[in-house]
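Thanks for taking a look at this one with me. Below are my notes, written for someone meeting the structure for the first time.

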Amino acid sequence: MQDDRLAQARLLVANYVEPYLGMPLGAAKAVKSVRFEAGRPLVEVELGFPAGGYVNTLAAELQALLRQAPGLGDAAVTVDWQVATHVAQGQLQPLPGIRNVIAVASGKGGVGKSTTAVNLALALALDGARVGLLDADIYGPSQPRMMGLQGERPVSHDGKRLQPLAAHGIKVMSIGFLIEEEQPMVWRGPMVTQALTQLLSDTNWGELDYLVVDMPPGTGDIQLTLAQRVPVSGAVVVTTPQDIALLDARKGLRMFQKVAVPVLGIVENMSTHVCSKCGHEEPVFGSGGGARMAAQYGVDLLASLPLDIRIREETDGGRPTVVADPDGPVGRAYLETARRTAAQLSIAAASGAAAPSITVEET
């Protein structure tokens, strides 16, 4: 009888399709144990992505599921999470102390890549992860302003490694901390590549679950160098719905594919605009482009985010949306995006392989 109850509980939990993973908990290797404790079944689930604000919700859902089954009304459920290390390019070693590197990229500028990167990093931290943010856009660093750190300068305690600055619970490094805000970076490619490599390797990041890298726009030498030399765990491609942005986003996606970095998903920015006066909603840049691209390349559409003046106001003011209004609709959308992103990465880490790759045939 006891064995039957455990088997039934194990089956129900293993077959539960977790929404962020998009697959059954059993297939994601998230069912840690099912056993008897204090005379009743105890189910332990361990997610592979940060879920500090979600574990109670999932535990309640699984508890309700078990209560519906005869003989399992007294079953108890505990949910925890643990971030594993995953490096897509097998020939590269993980960076010391950094479990995962997530590159946030776009094929072109002006699509909200940096805004997505900073809110993604902040959302991961809000769920309990240890997070760093590297501003890799040497020519146009924007994270110092977005994080409210203009005018701040990093220090070095040993004369060799810089201490990252901290804001809103995450560690931040940018070339913008080392130059004046309006100073142009009149550097050629090799100098930029060297500077970027130093910012990454000569920063004392400490222990991080995720280092989010705000990549420069485009698919040139700098982007390729970063993708080839840095042990990137996965990439997020940011676009807007219109065809011209999607054309360049496809190039960015294929670049990661060429260097064996899995694309965790696509974020579509500026999907719709809601008038602040009348509430009318309109897809000013077209509709469905991100979803079509995701379907075409077999990756997830992580989010469709609105064109909202508050996003611009909050990032310009140094308090991005996840900090300024975490419980608002846009703040919640960024949190959902971060969980989906980290969940996709956890699937790759659990399987010991990269996320599903995309095959490009030359025609």
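1. Buried here means under 20% relative accessible area, exposed means over 50%, and partly exposed is in between, with a 1.4 Å probe and protein chains only. Both faces of E7 are covered, with Val131, Leu133 and Asp135 buried on one side and Gly132 and Leu134 buried on the other. Helices (H or I, at least four residues) and strands (E, at least two) are DSSP runs, numbered from the N terminus.

2. Before going further, a word on what you are looking at. This is a predicted model, in which local features need pLDDT of at least 70 and side-chain atom pairs count only at pLDDT 80 or more, while totals for chains, interfaces and linings use all residues. Residues are numbered from 1 along each chain as its sequence is written, and side-chain values use heavy atoms, leaving out hydrogens and water.

3. Which strands run beside E7? E7 is parallel to E10 and joined to it by five bridges, with Gly132 opposite Leu211 of E10. E7 is also parallel to E9, through four bridges, and there Leu133 faces Val172. Two strands are taken to pair if DSSP finds at least two bridges between them.

4. These strands belong to an open sheet of eight, in the order E8-E9-E7-E10-E6-E11-E12-E15, with mixed pairing. Strand E8 (165-167) and strand E15 (301-304) are the edge strands, each pairing on one side only. From one strand to the next, the twist averages 25 degrees. Axes are lines fitted to C-alpha atoms, for helices over the stretch in contact, and angles run from 0 to 180 degrees between N-to-C directions.

5. Further along in this sheet, strand E6 (residues 98-105) and strand E10 (residues 208-214) run parallel and share six bridges. Ala103 has Val213 as its bridge partner in E10. Helix H3 (residues 113-126) lies across E6, E7, E9, E10, E11 and E12, at about 170 degrees to E10. Contact means heavy atoms within 4.5 Å.

6. Asn204 deserves a look, in the loop between helix H5 (189-201) and E10. Is Asn204 buried or partly exposed? Its relative accessible area is 32%, so Asn204 counts as partly exposed. Leaving aside residues up to four places away in sequence, Asn204 touches Arg161, Leu162, Gln163 and Pro164. With Gln163 there is a side-chain to side-chain polar contact of 2.9 Å. A polar contact is a pair of N or O atoms within 3.5 Å; within protein, one must be able to donate a hydrogen and the other to accept it, and residues adjacent in sequence count only if both atoms are side-chain atoms.

7. Now to the other sheet, an open one of three strands in the order E3-E4-E5, with mixed pairing. Strand E3 (31-37) and strand E5 (76-81) are at its edges with a single partner strand each, so one side of each has no neighbour in the sheet. The twist here averages 15 degrees from one strand to the next. E4 and E5 are parallel, paired over six bridges, and Glu44 stands opposite Thr78 in E5. Helix H1 (residues 2-14) packs on this sheet, touching E3 and E4, and its direction makes about 155 degrees with that of E3. H2 lies across E4 and E5, at about 150 degrees to E5.

8. Finally, the aromatic residues: Tyr20, Phe49 and Tyr54 form one cluster. Rings of Phe, Tyr and Trp (its six-membered ring) pair if their centres lie within 6.5 Å; planes under 30 degrees apart count as stacked, over 60 as edge-to-face and the rest as tilted. The structure holds two aromatic pairs. Tyr20 and Phe49 have ring centres 6.2 Å apart and planes at 70 degrees, so they are edge-to-face. Phe49 is buried, with a relative accessible area of 0%. The rings of Tyr20 and Tyr54 are also edge-to-face, because their planes are at 90 degrees, with centres 4.9 Å apart.
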